[in-house]
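Let's take a walk through this one, following the charged side chains and then a helix. Have the model open as you read.

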Amino acid sequence: VPGCHYGARNVFVPIIRHLEEGGISVGKKRKHIKVSPETAILVEPSTGNGWVAFSDAAERLGYEHFVVMPDGLPEPRYKHPQGRDVTILRTPAQDYAWGMPEALLSLINQNRARLKEGKKIFVSPNHPVGAADITVRTMSDLGRQLLEGLGRRNRPLRVVLSMGNGSSLCAIGEYIKKHYSIARVVATE
């Protein structure tokens with residue numbers, strides 16, 4: 001949701017900017033492509049918690065973008081809360097989260113042909129080669145910022161995190177538990 005820890009400027013804008021700085025290699029010859037709104041369509045997997053922030057960031061930065069989600073979720077999860085038109089690619093419900101990487105790979109496997117045809121390539125900013133931990137690092141930094149903002153650490157703390165792909169719980173939660181021993185982390189789906 002807008003304004004949450006996944007907020008466009010907190011996580012996805014830095015991730016997309018990181019991708020733009022490094023570019024991406026495509027094909028057997030590993031052709032290096034500069035990632036920009038003119039060269040790439042951003043694609044992000046989600047079960048419904050992070051995609052709105054991803055979409056907001058992609059739109060803010062001028063990218064065409066798709067979201068890959070499993071079918072069978074409650075219908076409101078497929079709608080942008082501000083009514084924006086976003087391309088949602090639904091994978092079979094029975095595959096749930098396991099269908100999303102297959103759909104991403106299917107799109108990315110089209111990139112060589114798309115390059116030959118002069119079309120934009122598909123890029124997932126959350127999973128660039130060699131930087132698959134960028135979300136975890138970015139989320140850990142949000143945990144650090146949260147604790148710095150609290151100041152005192154001698155009182156109990158409860159942190160409630162939305163859980164979709166798990167990076168919130170695994171990154172922010174782990175950082176907080178490691179550095180604030182009397183914290184309790186609660187995950188909500």
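Arginine 90 has a relative accessible area of 37%, so it counts as partly exposed. Keep in mind that you're looking at a predicted model. The side chain of arginine 90 meets that of aspartate 71 in a salt bridge, at 3.0 Å from N to O. That pair ties together distant parts of the chain: arginine 90 sits in strand S5 (87–91), while aspartate 71, 19 residues away, is in the loop between strand S4 (65–70) and strand S5. Aspartate 71 is partly exposed too, at 33% relative accessibility.

There are eight salt bridges in the structure. One of them joins lysine 119 to glutamate 117, with the closest N and O atoms 3.2 Å apart. Here lysine 119 is partly exposed at 43%, whereas glutamate 117, at 51%, counts as exposed. Elsewhere, Asp56, Glu59 and Arg84 are linked in a salt-bridge network.

Now over to helix H1, which covers residues 12–22; its buried residues are Phe12, Val13, Ile15, Ile16, Leu19 and Glu20. Look down the axis of H1 and these buried residues fall within an arc of 165°, so they line one face of the helix.

Arginine 17 itself is partly exposed, at 39% relative accessibility. Just after H1 comes glycine 23, with a positive phi of about 70°.

Methods: Residues are numbered from 1 along each chain as its sequence is written. This is a predicted model: local features need pLDDT of at least 70, side-chain atom pairs count only at pLDDT 80 or more; totals for chains, interfaces and linings use all residues. Side-chain values use heavy atoms; hydrogens and water are left out. Buried means under 20% relative accessible area, exposed over 50%, partly exposed in between (1.4 Å probe, protein chains only). Helices (H or I, at least four residues) and strands (E, at least two) are DSSP runs, numbered from the N terminus. The arc is that of the directions from the helix axis to the C-beta atoms. A salt bridge is a side-chain nitrogen of Lys or Arg within 4 Å of a carboxyl oxygen of Asp or Glu.
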